Amino acid sequence: MAVAPLTLDDLRTAGLAQIDPEVADLLGLELERQRGEIELIASENFTWPAMLEAVGSVPTNKYSEGYPGRRYYGGCEVVDEIERLAIERAKALFGAEHANVQPHAGAQTNMAVYFACLEPGDTILSLSLSHGGHLTHGLGANFSGRLYTIVHYGVSRETSLVDYDEVRELAHEHRPRLIVCGGSAYPRVVEAERFREIADEVGAYLLCDMAHFSGLVAAGLVPSPVPHCDFVTSTTHKTLAGPRSGFILCKEEHAQALDRAVFPGMQGGPLNHVIAAKATCFRIAASEPFREYQRAIRANADTLAATLEEGGLDVLTGGTDTHLLLVDLRATAWTGKEAEERLAEVAVTVNRNTVPYDERPPTVASGLRLGTPAVTMRGFDEDDVREVGRIICEALGPSPDLDALRARSRALCERRPLYPGRPAFATLPSAGSEG
């Protein structure tokens with residue numbers, strides 16, 4: 001689409017649709033995709049409208065390297081207050097001694113902790129990626145696997161639960177400097193107090209990566225790892241339902257090393273508009289409506305797990321303590337990749353995932369990872385989620401009517417609209433218009 005010539009004055013006032021209709025159209029398409037599909041990717045969520053407003057706000061214009069009261073730029077009085085507010089709210093929400101709210105994403109939170117307490121070559125003991133860990137827990141191609149000596153623990157073949165005896169044996173054998181608990185595809189409670197015991201036995205630091213379940217921790221629905229760990233990392237965009245970003249909690253004794261690891265060790269100027277959104281995220285997460293939302297996430301996860309098992313699918317560990325569950329497809333004719341593609345045909349969005357002791361590569365995988373935060377944000381209740389589970393089972397069953405299943409998914413989405421009435425992007429006055 002051709003764009004009419006614009007003057008400099010036009011650029012100062014024009015909205016996105018006038019400046020770049022191609023991008024505006026793509027944003028519209030993405031909004032409609034989100035509205036029209038049942039979102040079950042466990043690491044995704046639909047954030048609150050207040051978050052969208054904050055992320056699109058004017059602190060994006062402000063550079064502020066350093067920390068509140070200790071910046072390398074002038075004019076930071078307001079963004080100092082924004083960051084202080086985010087820090088204090090994070091500490092209060094999770095009962096932490098210190099918080100750093102500057103990391104741009106989850107990977108940077110773990111990187112900062114490593115930089116704060118390790119030297120290159122030090123040993124990290126962490127959950128294997130194929131058993132539910134994360135890329136930053138030591139994948140060979142990741143910075144963590146390239147800079148540090150990685151030893152992985154796994155889950156039991158029989159139970160798919162963390163084998164704490166194995167963790168203890170490996171810790172005593174390899175004497176890691178840091179033990180990491182938590183992951184991105186582990187459906188049960190992370191028993192941080194048991195990891196603490198093992199860490200103390202070998203003189204290791206303990207990090208819990210609670211990126212996936214931090215919203216449930218904030219709501220008091222799963223045990224908090226904060227009292228047991230030297231460091232706790234998290235994103236803000238999964239169960240916390242905030243902006244795409246991260247934060248770190250730690251004991252006061254590690255505060256200076258951690259802050260130096262984030263800046264100047266790893267990042268430059270923080271994203272002040274995102275920190276503003278984080279502050280609001282933490283305020284929402286301290287409220288009773290947020291706790292109600294988290295309770296609904298849990299109820300929906302249990303309902304989805306039960307429905308899938310009733311439909312003949314194998315849910316690892318028999319269910320979940322959190323928002324996510326793993327479906328093991330090895331007893332079926334489906335690979336994870338094929339199942340992901342089939343469910344996309346009926347407007348259900350999931351991601352393939354390896355299962356413990358998977359013999360297929362991650363690009364194909366033998367499982368699916370499902371989560372309930374996004375559908376719960378739309379207002380799906382247990383009856384809705386039960387219908388979602390039936391759609392999944394029928395889509396992966398013999399001779400499904402894909403058109404009929406797609407229609408059932410669309411009907412659920414229409415009954416529970418996403419961002420009703422909201423445009424794909426902020427509508428600003430056109431250049432030269434009045435008001």
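1. The strands concerned are β9, covering residues 231–235, and β10, covering residues 246–250, and they run antiparallel to each other over five bridges. Please keep in mind throughout that this is a predicted model.

2. On confidence, the protein chain has an average pLDDT of 95, and 97% of the residues score at least 70. The stretch to treat with caution is residues 427–435, where the pLDDT is below 50, although in the model this stretch still has eleven contacts beyond near neighbours in sequence.

3. The β9/β10 pair belongs to an open sheet of seven strands, whose order is β4-β10-β9-β8-β7-β5-β6 and whose pairing is mixed. Because β4 (98–100) and β6 (149–153) each have a single partner strand, they stand at the edges, and one side of each is left without a neighbour in the sheet. If direction is ignored, neighbouring strands of this sheet are turned by 20° against each other on average.

4. In passing α9, helix α8 makes a right-handed crossing. On the α8 side the meeting residues are Tyr164, Val167, Arg168, Ala171 and His172, while α9 contributes Arg194, Phe195, Glu197, Ile198, Glu201 and Val202. By class, the residues of this contact of α8 with α9 are six nonpolar, one polar and four charged.

5. A further helix pair is formed by α6 (residues 106–117) and α11 (residues 255–262), which pack at an angle of about 125° with their axes 8 Å apart, and that angle makes α6 oblique to α11. The crossing of α6 and α11 is right-handed. Ala112, Val113, Phe115 and Ala116 of α6 make the contact with Ala257, Leu258, Ala261 and Val262 of α11. In the contact of α6 with α11, eight residues are nonpolar, with no polar and no charged ones.

6. Another open sheet consists of four strands in the order β11-β12-β15-β14, with antiparallel pairing. Its edge strands are β11 (314–315) and β14 (351–353), each of which pairs on one side only. Strand β14 is joined to β15, residues 367–371, in the antiparallel sense by three bridges, and within β15 it is Leu368 that stands opposite Arg352.

7. Helix α13, residues 288–310, lies across β11, β12 (324–328) and β15, running at about 15° to β12. Helix α13 also meets helix α16 (residues 382–395), their axes coming within 8 Å and crossing at roughly 35°, and the crossing of α13 and α16 is right-handed. From α13 the contact involves Ala299, Asn300, Thr303, Leu304, Thr307 and Leu308, and from α16 it involves Glu382, Val385, Arg386, Gly389, Arg390, Ile392 and Cys393. The residues of the contact of α13 with α16 divide into six nonpolar, four polar and three charged.

Note on methods
Residues numbered from 1 in each chain as written. Predicted model: local features only at pLDDT ≥ 70, side-chain atom pairs only at ≥ 80, totals over all residues. Heavy atoms only, no water. Pairing = 2+ DSSP bridges. Helix = DSSP H or I, 4+ residues; strand = E, 2+ residues; numbered from the N terminus. Contact = heavy atoms within 4.5 Å. Axes fitted to C-alpha atoms, helices over the stretch in contact; angles between N-to-C directions. pLDDT = per-residue confidence, 0-100. Parallel < 35°, antiparallel > 145°, perpendicular 65-115°, else oblique. Left-handed = near helix turned anticlockwise from the far one by under 90°. Nonpolar A, V, L, I, M, F, W, Y, C, P; charged D, E, K, R; others polar.
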